Amino acid sequence: MSDARVAVRKTYKLFIGGKFPRSESGRSYVAQEANVALASRKDVRDAVVAARAAVKGWSGATAYNRGQILYRVAEMLEGRRDQFIALGLPAAEVDEAIDRWVWYAGWSDKITQVYGGANPVAGPYFNLSSPEPTGVVGLVPPPSFLGLVSVVAPAIVTGNTVVALAAKDAPLAAVTLAEVLATSDLPGGVVNILTGDPAETAPWLAAHMDVNAIDLAGITDPTLAASLEEAAAGNLKRVVRAPLTTPDWSADPGLTRMTAFLETKTVWHPKGI
Amino acid sequence: MLGTRSIKTTAKAWAIDLAIRMVDLTTLEGADTPGKVRALCAKARRPDPADPTCPPVAAICVYPAMVPVAVEALAGSGIHTASVATAFPSGQAPLEVKLADTKAAVAAGADEIDMVINRGAFLSGRYLEVFEEIAAVKQACGTAHLKVILETGELATYDNVRRASWIGMLAGGDFIKTSTGKVPVAATLPVTLVMLEAVRDFRDLTGRQVGVKPAGGIRTTKDAVKYLVLVNETAGDDWLDPDWFRFGASTLLNDLLMQRTKLTTGVYSGPDYFTLD
Amino acid sequence: MFEYAPAPESRAVVDINPSYGLFIDGAFVDPADGASFKTINPASEEVLSEIAEAGPADVDRAVAAARAAYDKVWSRMPGRDRAKYLYRIARIIQERGRELAVLESLDNGKPIRESRDVDIPLVAAHFFYYAGWADKLAHAGFGPAPKPLGVAAQVIPWNFPLLMLAWKIAPALAAGNTVVLKPAETTPLTALLFAEICQQADLPPGVVNIVTGAGETGRALVEHDGVDKIAFTGSTEVGKAIARAVAGSRKKVTLELGGKAANVIFEDAPIDQAVEGIVNGIFFNQGHVCCAGSRLLVQESVYEPVLASLKRRMARLRVGDPLDKNTDIGAINSAAQLERIRALSDIGGEEGAERWSPPCELPDNGFWFAPTIFTGVTQAHRIAREEIFGPVLSVLTFRTPAEAVEKANNTPYGLSAGVWTDKGSRILWMADRLRAGVVWANTFNKFDPSSPFGGYKESGYGREGGRHGLEAYLDV
């Protein structure tokens with residue numbers, strides 16, 4: 001009889017509204033040699049409700065506060081670095097993902113100045129344009145962990161809340177990231193992560209009338225991409241299309257993934273005495 | 001257990017429309033104004049302006065001072081005007097004030113009165129006083145229907161809920177209602193079950209049917225359907241009718257409308273597509 | 001006693017051809033199948049001209065011309081030279097301003113005071129503004145060498161015909177794209193005059209192509225495989241159809257769609273000033289404005305005085321001949337639009353709202369609708385939810401700032417909003433919470449080429465105007 005300790009295994013669950021429920025459907029599937037919750041359309045619905053409820057608080061938080069929380073995510077991720085490596089991720093990718101959180105954390109209180117500004121209108125008016133979060137953003141992240149971070153962080157740093165459908169065959173890093181997020185002072189509902197089959201759940205997310213935008217980064221099937229875009233047109237979601245080729249997520253991300261989910265609001269007021 | 005019945009999609013569509021027809025659309029705020037009440041009445045008539053097939057609600061429920069506004073705004077619609085009365089929500093006023101409150105609301109045009117029972121007297125064991133007060137209010141109502149609010153959140157036990165239900169029915173109440181919505185614990189399924197059993201037994205014994213109205217805390221379609229299943233299983237389908245079962249609610253209606261739209265369009269809807277009033 | 005004399009602007013400054021072809025590759029050409037339609041003066045129903053109707057073959061030809069001009073000329077031209085063409089165009093528009101204004105009022109029905117003082121000056125300003133960007137794109141914040149997209153398909157509405165053309169063409173050309181633009185079928189004339197201006201400016205052939213026609217022409221254009229970019233202004237319904245049609249393609253899309261803007265009047269607002277803003281918000285351009293302040297939200301405590309002032313002010317509005325300089329409200333643009341306004345207004349009455357219009361005499365010929373307000377309206381009325389696109393105002397009330405925000409935002413649209421209050425902190429509080437692309441505080445319906453314009457939610461996506469407006473035409 002061996003005296004090796006019997007390991008305590010982890011149950012991989014969904015992440016909705018800051019909690020870790022099982023799928024309402026009671027279903028699970030095996031991925032990366034673990035049992036993982038298989039989300040249903042009703043889990044999508046619940047996640048959207050949680051994301052919507054979180055919009056007011058998160059978008060109303062100060063940019064400084066959001067930046068601090070994203071930085072906190074980086075700190076927590078750094079502390080759990082080995083957990084991600086143990087899932088089989090290259091150490092370099094985990095490090096890059098940590099650095100990406102730091103990079104986006106800093107944008108929280110800078111994007112407004114870079115992307116907004118005063119407008120010199122031809123009249124006695126104060127006129128200012130500033131970016132605001134779009135609202136609830138649906139994400140279909142790519143299987144790569146760095147890719148996942150690279151679509152979640154830019155969406156939330158500006159005040160959006162997200163429902164992310166983790167890649168079917170690579171859910172463990174996504175759930176582990178959810179555990180990081182849950183311990184990073186990020187308010188519940190700002191990030192919701194559903195494991196399962198995006199081919200099953202994404203159409204519900206794309207068609208949901210209370211979702212304002214969708215990022216199809218992880219969709220590789222052009223037919224599915226087209227049908228999701230079509231569904232997204234039902235309430236004119238802002239759409240980031242599926243990439244034509246696999247993106248290099250380690251490249252400089254630029255601003256587009258932030259600006260894709262920003263609305264520009266322009267305020268006018270007369271000047272006078 | 002009864003709440004977990006799964007129902008067919010067609011039954012669900014029917015249940016949603018029934019639930020909409022059972023809603024007493026309620027605003028009971030110190031901040032109520034004629035404008036607010038008129039807005040609510042418009043919503044009562046056309047819960048979903050974009051869909052003419054959507055039925056209207058059962059009634060509007062307001063404070064007595066707002067009854068004339070509601071009556072005018074609902075004229076010709078067939079929607080009832082319910083008024084709370086008898087020093088709602090505490091009921092802590094002399095009987096003559098409660099009766100005057102009731103008469104004023106009826107005179108202003110309310111055809112349903114939602115009274116509160118005297119919980120102080122009830123909890124002190126002065127059941128006769130509770131009974132007589134209800135009977136007096138019933139008389140003050142004239143032809144208006146009387147809903148007796150038990151405020152079950154303050155009655156502490158199911159035995160008390162059953163006892164209060166019987167007092168309310170024996171004293172002449174046309175409906176027994178769970179709650180004012182003004183105390184932390186409002187309608188719950190177990191309390192409603194007790195009340196449904198009471199109205200079932202009361203009819204078996206007396207031949208008179210009394211309605212039930214859970215109020216407060218029912219916010220989702222899922223909740224409403226659970227209540228309807230409970231009605232069906234306990235009191236029977238005689239009660240599956242707006243004349244005999246109501247929901248006292250304000251936010252429930254929009255969730256019902258959203259689920260209704262989900263059934264017709266096949267996609268999940270959002271609050272932007274439904275009116276706030 | 002104090003009668004105003006009729007003050008009609010002379011029609012002599014315009015010279016309308018009996019018929020127009022399509023403007024493709026720098027020349028007016030006949031459509032492949034010879035189809036045509038008439039454009040009329042909505043104030044008199046007089047036929048103004050016979051307009052070619054572009055079919056798929058014509059659209060093909062226009063897109064090919066735009067592609068050739070893009071590949072061979074425009075994308076290779078230094079920015080400073082593109083700038084000079086745009087400056088030329090701006091100057092010609094200024095010089096021919098009166099002619100354009102009269103033609104716009106004739107074809108559209110809008111008062112000459114508006115076309116002369118608002119539309120056409122803004123058109124010139126828009127070309128001037130974007131002309132300056134053409135050689136400064138590297139400094140616009142989109143990287144050191146932002147690239148144009150290629151051929152832009154642009155479809156515009158009839159409410160501000162030439163201004164919408166300017167909003168589309170100026171940034172597209174500045175960024176280095178070439179365009180095929182379809183004006184609305186009821187208001188093609190100023191776009192065709194603009195084509196002449198392009199000729200006059202010696203703009204290289206094919207850089208701007210104008211294809212006239214109705215919905216089918218527009219559909220052929222946006223669905224054409226040869227276009228890289230679609231810019232559409234119009235109804236939310238058509239906007240959604242376009243978004244569906246481009247699904248799976250790589251076409252970049254910007255949409256500027258409908259609205260149901262709340263104009264919020266707080267109790268501390270300067271009432272007379274607010275009433276001017278309300279009137280400007282809903283009766284400007286006969287209410288044919290996507291950002292019109294069509295839902296008036298008045299704080300209950302000032303409802304009576306605001307309504308009294310509004311009615312008094314409305315009684316002074318002059319409805320009639322668009323070419324009369326004294327006219328405040330001109331003709332409804334088309335019989336179809338008039339029918340829609342009537343139908344929705346009738347529904348407003350049937351749903352129990354109270355309708356009021358000042359006494360006003362409407363001409364016998366043409367399409368007219370008196371300025372109208374509905375009181376007793378709530379969010380549950382269709383006239384508070386659906387865009388009427390006419391001189392019809394729905395009046396609602398609110399109690400608290402939070403309720404005003406809730407009601408203002410309780411719509412699938414999010415194009416614009418108005419706030420009237422004397423309290424600065426409240427303006428900023430409201431502006432933060434209103435989900436709309438433009439918030440006018442203590443003013444309404446102000447536009448400027450440097451100021452981004454566009455919607456949230458179902459009012460569309462992308463911005464027109466300002467540095468932001470360039471993004472729609474660059475590969476970023």
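Two strands pair if DSSP finds at least two bridges between them. Helices (H or I, at least four residues) and strands (E, at least two) are DSSP runs, numbered from the N terminus.

## Model and numbering

This is a predicted model: local features need pLDDT of at least 70, side-chain atom pairs count only at pLDDT 80 or more, and totals for chains, interfaces and linings use all residues. Residues are numbered from 1 along each chain as its sequence is written, and chains are lettered from A and ligands numbered from 1 in the order in which they are written.

## A three-stranded sheet in chain C

Chain C has an open sheet of 3 strands, ordered β1-β5-β4, with mixed pairing. β1 (19-20) and β4 (36-41) of chain C are the edge strands, and each pairs on one side only. β1(C) runs parallel to β5 (residues 46-52) of chain C, over 2 bridges. In that pair, S19(C) stands opposite E50(C) of β5(C).

## Two domains in chain C

Chain C is assigned two domains (bounds come from an automatic or database domain assignment). Domain 1 covers 11-257 + 456-471, and domain 2 covers 262-441. Their C-alpha centres lie 30 Å apart.

Contact here means that the C-beta atoms of two residues, placed from the backbone, lie within 7 Å. By that rule, 22 residues of domain 1 of chain C touch 27 residues of domain 2 of chain C. On the domain 1 side, α3 (97-108) and α4 (112-133) of chain C are the elements that give two or more residues. That side has 8 nonpolar, 7 polar and 7 charged residues. Ala, Val, Leu, Ile, Met, Phe, Trp, Tyr, Cys and Pro count as nonpolar, Asp, Glu, Lys and Arg as charged, and the others, Gly among them, as polar.

## Where chain C meets chain A

This contact takes 32 residues from chain C and 26 residues from chain A. In chain C, α8 (236-245), α13 (424-433), β17 (438-441), β18 (460-461) and α14 (466-471) each supply at least two residues. By class, the chain C side has 15 nonpolar, 10 polar and 7 charged residues.

Strands also pair across the two chains. Strand β10 (residues 262-270) of chain A runs parallel to β17(C), joined by 3 bridges. T266(A) faces V438(C) of β17(C).

## The chain B sheet

Chain B has an open sheet of 8 strands with parallel pairing, in the order β7-β6-β5-β4-β3-β2-β1-β8. β7 (211-213) and β8 of chain B stand at the edges with a single partner strand each, so one side of each has no neighbour in the sheet. Direction ignored, neighbouring strands are turned by 25° against each other on average (axes are lines fitted to C-alpha atoms, for helices over the stretch in contact, and angles run from 0 to 180 degrees between N-to-C directions).

β1(B) and β8(B) pair in parallel over 3 bridges. V23(B) stands opposite F247(B) of β8(B).

## Helix α10 of chain B

Helix α10 (residues 252-265) of chain B has 10 buried residues out of 14, so the rest of the structure largely encloses it. A residue is buried if 20 or more other C-beta atoms lie within 10 Å of its own, exposed if 12 or fewer, and partly exposed in between, with C-beta atoms placed from the backbone. Among the buried residues are L252(B), D255(B), M258(B) and R260(B). The buried residues pack against α1 (9-21), β1 (23-26), α9 (221-234) and β8 (247-249) of chain B. Just after α10(B), G266(B) takes a positive phi of about 85°.
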